[in-house]
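Q: Please take a close look at one part of this structure, a strand and what surrounds it. I am new to this structure, and a plain account will do.

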Amino acid sequence: MLNDFVQLTGEITRSDGDETLKKGDRFILKSGSSNYQIFNEQEYPFSIGDRVTVYGEYYGFIKAIAIEKEESK
């Protein structure tokens, strides 16, 4: 539903920019069998292939309010 808050966990599969994502970049998050378009509003850089949990607001795309990167084991 529009303007709902969402939480998604998945892998960053591609972006509009470089392999390292910066604030303002758009990327695709693969979560299960679905792909979601995310707008990165975080200062912390993320990379394609990172597993992350995105917290955001749904507008037909997701505006990420917070993104947490999963630590490698």
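A: Strand β1 (residues 5-15) runs antiparallel to strand β6 (residues 51-58), and seven bridges join them. Strands here are DSSP runs of E with at least two residues, numbered from the N terminus, and two strands pair if DSSP finds at least two bridges between them. Val6 has Gly56 as its bridge partner in β6.

The model is predicted: local features need pLDDT of at least 70, side-chain atom pairs count only at pLDDT 80 or more, and totals for chains, interfaces and linings use all residues. Residues are numbered from 1 along each chain as its sequence is written, and side-chain values use heavy atoms, with hydrogens and water left out.

β1 also runs antiparallel to strand β3 (residues 26-31), with four bridges between them. Here Glu11 stands opposite Lys30 of β3. Ser31 counts as buried because its relative accessibility is 18%; buried means under 20% relative accessible area, with a 1.4 Å probe and protein chains only. Leaving out residues up to four places away in sequence, Ser31 touches Leu8, Thr9, Gly10 and Tyr36, where contact means heavy atoms within 4.5 Å.

Leu8 is also part of the largest nonpolar core, which has 12 residues in all, among them Ile12, Phe27, Val54 and Ala64. Such a core is a set of buried Ala, Val, Leu, Ile, Met, Phe, Trp, Tyr and Cys residues joined through side-chain atoms within 4.5 Å. β1, β3, β6 and β7 (62-69) each supply at least two residues of this core, and β7 gives the largest share, three residues.

Terms used
Buried < 20%, exposed > 50% of the residue type's maximum accessible area, 1.4 Å probe, protein only.
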